Amino acid sequence: MIILTVLKIILITLLIIIGILIVAMVFPVSIKVSYTGEKKYYKIKYAFLTLISSDGKKGLIGRLKKSGKKETKKAPSDSESEPEKESEAVPPEEAFPEKNISSSPESDTGKESESQHKKPESPEKSEKPESVKKSRLEKLPETWEKIMQIWEIASSPVKRLCKGIHFDRIYIDFKISDPDACDCAINYGRMCVLVYNILGVFDQMFSLTKKSIDVACVFNKEKSVYDISFTVRFHPIVCLGCGISFLWTYYFKIYKNKSGGNKSGKQGSKKRKAHK
């Protein structure tokens, strides 16, 4: 009876811990990044709590660092409490004794004899790398098939995971400028192609909400201005669900089929031996 009660208590505590973790994973994690007016700023939030920011003053991690620094300042150091010991003067002759570096003829003769007695490398050793290369080339189709099987299984969870990542309030304000009008126009065209193509790819992979996107060409100015800001938001429970679904499908499609194939092969070999 005592063992059963202990087991029940352990199971209840485990279930409570799992429930707390699942509830904690429901809350989103948001990362805000901005570069405006040549000033960098970032802030990482979990639900309504700021974990860390570029200011260093706000956030739980910043507060913990400050409290740790205060404790280290208050604690007395060992070097201050203990009296300093005077280092005994050591004469230079004893501190750095002269070393008799003399090359004996016996050692030279020994080295020459060892170099003479060394056997030349056998041709088998030189042939080993070629055989290894051949074996690797032969295994390439098998590895490629394995990679394709894993990708077939992982494609749908990866797509769901990417769509679960939200890029919100995307603000882009680029002002391309150059003293030369021709170079300014060329750079403007390149930047437009780069920005809008990247946004198109991101729109297919992730979830985007745009605030304002503007790429302008400004002539007769030396410096270009690049202002950008966005927030990345995702739920940890989505990552957990995608990982579980991938492992589930991998187990039933690949791992179980392999184990079943090996068992059937062993049974067939046993039957053949029995017939013989």
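Residues are numbered from 1 along each chain as its sequence is written. The model is predicted, so local features need pLDDT of at least 70 and side-chain atom pairs count only at pLDDT 80 or more, while totals for chains, interfaces and linings use all residues; side-chain values use heavy atoms, with hydrogens and water left out.

Q: What makes the chain come to eight helices and six strands?
A: It's a DSSP tally: helices are runs of H or I with at least four residues, strands are runs of E with at least two, and both are numbered from the N terminus. Counted that way, the chain has eight helices and six strands, in the order α-β-β-β-α-α-α-α-α-β-α-β-β-α.

Q: How do you know that β1 and β2 pair?
A: Two strands pair if DSSP finds at least two bridges between them. Strand β1 (residues 29-36) and strand β2 (residues 39-46) are joined by eight bridges and run antiparallel, so they pair under that rule. One detail to look up: Y35 has K40 in β2 as its bridge partner. Two residues sit between the strands of this hairpin, and G37 there takes a positive phi near 60 degrees.

Q: What makes β2 and β3 a pair?
A: Four bridges link β2 to strand β3 (residues 49-53), again in antiparallel fashion, and the rule asks for at least two. I44 stands opposite I52 in β3. This hairpin has two residues between its strands as well, with A47 at a positive phi near 60 degrees.

Q: Why is S177 called buried?
A: Buried means under 20% relative accessible area, exposed means over 50%, and partly exposed is in between (1.4 Å probe, protein chains only). S177 is at 5%, so it counts as buried. It belongs to strand β4 (residues 166-178).

Q: How do you know that the side chain of S177 makes a polar contact with K223?
A: A polar contact is a pair of N or O atoms within 3.5 Å; within protein, one must be able to donate a hydrogen and the other to accept it, and residues adjacent in sequence count only if both atoms are side-chain atoms. The S177 side chain reaches the backbone oxygen of K223 at 2.5 Å.

Q: Why is V225 called partly exposed?
A: V225 has a relative accessible area of 37%, so it lands in the partly exposed class. V225 is found in strand β6 (residues 225-234).
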